[in-house]
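Biologist: I would like to learn how to read strands and their pairing. Could we go through one case together?

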Amino acid sequence: MRRPSPHPGKYNALTDVPGIRVGHYSDPAAASGTTVVVCPAGAVGGVDVRGAAPGTRETELLAPENLVETVQAICLSGGSVYGLAAADGVVRHLASRSIGFPLDEGQVAPIVPAAVLFDLGRGPCFRPPVDAGWGEAACRCAVSGPVTGGSVGAGTGARAGGIKGGIGSASIVLESGMTVAVLTAVNAMGSAIDPADGTFWEARLEIDGEFGGRIHGPVVLPPAPEAKPAHNTTLAVVATDAILTKAQAKRVAMMAHDGMARAIRPAHTLFDGDVVFCLATGKQALPESGGVFTMPAAQVCINEIGHAAADCLARAIIHGILDAESAFGITAYRDLARRL
């Protein structure tokens, strides 16, 4: 029987992995917001931090040698260091529904790793009024269907290489039947567009016309913004329905960073806090290992998942920029002039 070729999932989004929900809270007046990825049944988590200016919470808990295996949500937020407060609301929301690491007397401790991006000063006040309420509101909006992209949630005030950044998502169903998907908040110092030819570095990865003819390059890019410490950061969450260990989830997160580095140049700079999380919902087992003298099938499958995650992240970055709208004095790709 012929196996189906790889193709995007139903929504071409993170929610194509069963058990994953995504919610946004946007405050356009403050030029900031929060995005939450919720997995109520829990998912094995991994993380890899590559940027030199990260703002994170609970990432050390995801180290393979540490106790907790599963997480219940990932919180991505604008607001830089202040944005970490949004994760408190996610914890509160999950605890009210008894979702979390089990404790004594029927209590739970929701495990909610978080990461933030820098969008301070893009609204009327330098510091947006981010607090726990943003995280709670994002959780209440979380859905398992289509994911809204562009200037929403953590991407509300995002900027990427001098143009408007935003939320993007993409997925792929592998020949094995396993699904790999990514959601990203693109807020990079580097650019997703090659200044030499005015088009996206990784436009070649488009599947089934997913960009909808919206890549109208070559475009005229605005002058590159001045590099400033910690004023950037691209965040991403990879999800798969495969059964992975924490070490394997970390390896997938590490491989996914390759897609960021291909799609945004430069990436992982001193002025970015780039972070990739990986969630494995454990619905599909990896193939049984082969013999002593062959590459174990499970290892081959991990390579395929990691490679797919990298390509999905690159595609999601393009979606995030294509979906963004001009705001806060930042021009979106859709409004850039074409080269003559």
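**Strands and their partners**

Modeller: This is a predicted model. Start with a hairpin: β10 and β11 form one, with five residues between them. In its turn, G177 has a positive phi of about 95 degrees.

Biologist: In which sense do β10 and β11 pair, and over how many bridges?

Modeller: β10 and β11, the latter covering residues 179–185, pair in the antiparallel sense over seven bridges.

Biologist: How should I read the side-chain directions along a strand?

Modeller: In a regular strand the side chains alternate between the two faces of the sheet. In β10, I167, S169, S171 and V173 point one way, while G168, A170 and I172 point the other way.

Biologist: Are the residues of β10 buried or exposed?

Modeller: Buried here means under 20% relative accessible area. Seven of the seven residues of β10, which spans 167–173, are buried, and that holds for the residues pointing either way.

Biologist: Why is β4 described as largely enclosed by the rest of the structure?

Modeller: Strand β4 runs over residues 70–77, and seven of its eight residues are buried, so the rest of the structure largely encloses it.

Biologist: Which strands pair with β4, and in which sense?

Modeller: Strand β2 (residues 32–49) pairs with β4 in the antiparallel sense over seven bridges; there, V38 stands opposite A73. Strand β7 (residues 114–116) pairs with β4 in the parallel sense over three bridges. In that pairing, the bridge partner of S77 is V116 in β7.

Notes:
Residues numbered from 1 in each chain as written. Predicted model: local features only at pLDDT ≥ 70, side-chain atom pairs only at ≥ 80, totals over all residues. Heavy atoms only, no water. Buried < 20%, exposed > 50% of the residue type's maximum accessible area, 1.4 Å probe, protein only. Helix = DSSP H or I, 4+ residues; strand = E, 2+ residues; numbered from the N terminus. Pairing = 2+ DSSP bridges.
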